Amino acid sequence: SVLSTVKNDQIEKQTGATMTPEEIAEFEKPLLEKYEAEGSPYFATARLWDDGVIQVEETRKVLGQALRVVSKDFDPPRRN
């Protein structure tokens, strides 16, 4: 990974030695675990980092609304 390369370059610059494959795997393990745990769209949605997950059966409706909003002919609904 990029982080492993950067870390390895830092160590090489400081000590002249490079990380072993085992050290690289040990360095990457917590990063990969965190990615697996937090990489789900539901993780972000639960923290309100986005506007929510669109259910498969709602995709067409939401896409149609989005296209209508960005089109020139958008006329927002008026409240009475």
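**Salt bridges, burial and surface**

Tutor: Lys 61 forms a salt bridge with Glu 58, and their closest N and O atoms are 3.7 Å apart; a salt bridge here is a side-chain nitrogen of Lys or Arg within 4 Å of a carboxyl oxygen of Asp or Glu. This is a predicted model, in which local features need pLDDT of at least 70 and side-chain atom pairs count only at pLDDT 80 or more, while totals for chains, interfaces and linings use all residues. Residues are numbered from 1 along each chain as its sequence is written, and side-chain values use heavy atoms, with hydrogens and water left out.

Student: Is Glu 58 buried, partly exposed or exposed?

Tutor: Buried means under 20% relative accessible area, exposed means over 50%, and partly exposed is in between, with a 1.4 Å probe and protein chains only. Because its relative accessibility is 31%, Glu 58 counts as partly exposed.

Student: How many salt bridges does the structure hold?

Tutor: Side chains of opposite charge can pair when their charged atoms come close. Besides the pair of Lys 61 and Glu 58, the side chains of Lys 29 and Glu 33 meet in a salt bridge at 3.9 Å, N to O. Lys 29 and Glu 33 both lie in helix α2 (residues 21-38), four residues apart, about one turn of the helix, where helices are DSSP runs of H or I with at least four residues, numbered from the N terminus. The number of salt bridges in the structure is two.

Student: Which residues does Asn 8 touch, not counting residues up to four places away in sequence?

Tutor: Asn 8 is placed in helix α1 (residues 2-15), and Asn 8 is buried because its relative accessible area is 16%. A polar atom of its side chain lies 2.7 Å from the backbone nitrogen of Met 19. With contact meaning heavy atoms within 4.5 Å, the residues that Asn 8 touches, beyond those up to four places away in sequence, are Thr 18 and Met 19.

Student: Is Leu 67 buried or exposed?

Tutor: Leu 67 lies in helix α4 (residues 59-70). Because its relative accessibility is 52%, Leu 67 counts as exposed.

Student: How many Å apart in space are Arg 60 and Asp 9, C-alpha to C-alpha?

Tutor: Arg 60 has its place in helix α4, and Arg 60 counts as exposed because its relative accessibility is 77%. Arg 60 and Asp 9 are 51 residues apart in sequence, and their C-alpha to C-alpha distance in space is 48 Å.

Methods. Helices (H or I, at least four residues) and strands (E, at least two) are DSSP runs, numbered from the N terminus. A polar contact is a pair of N or O atoms within 3.5 Å; within protein, one must be able to donate a hydrogen and the other to accept it, and residues adjacent in sequence count only if both atoms are side-chain atoms.
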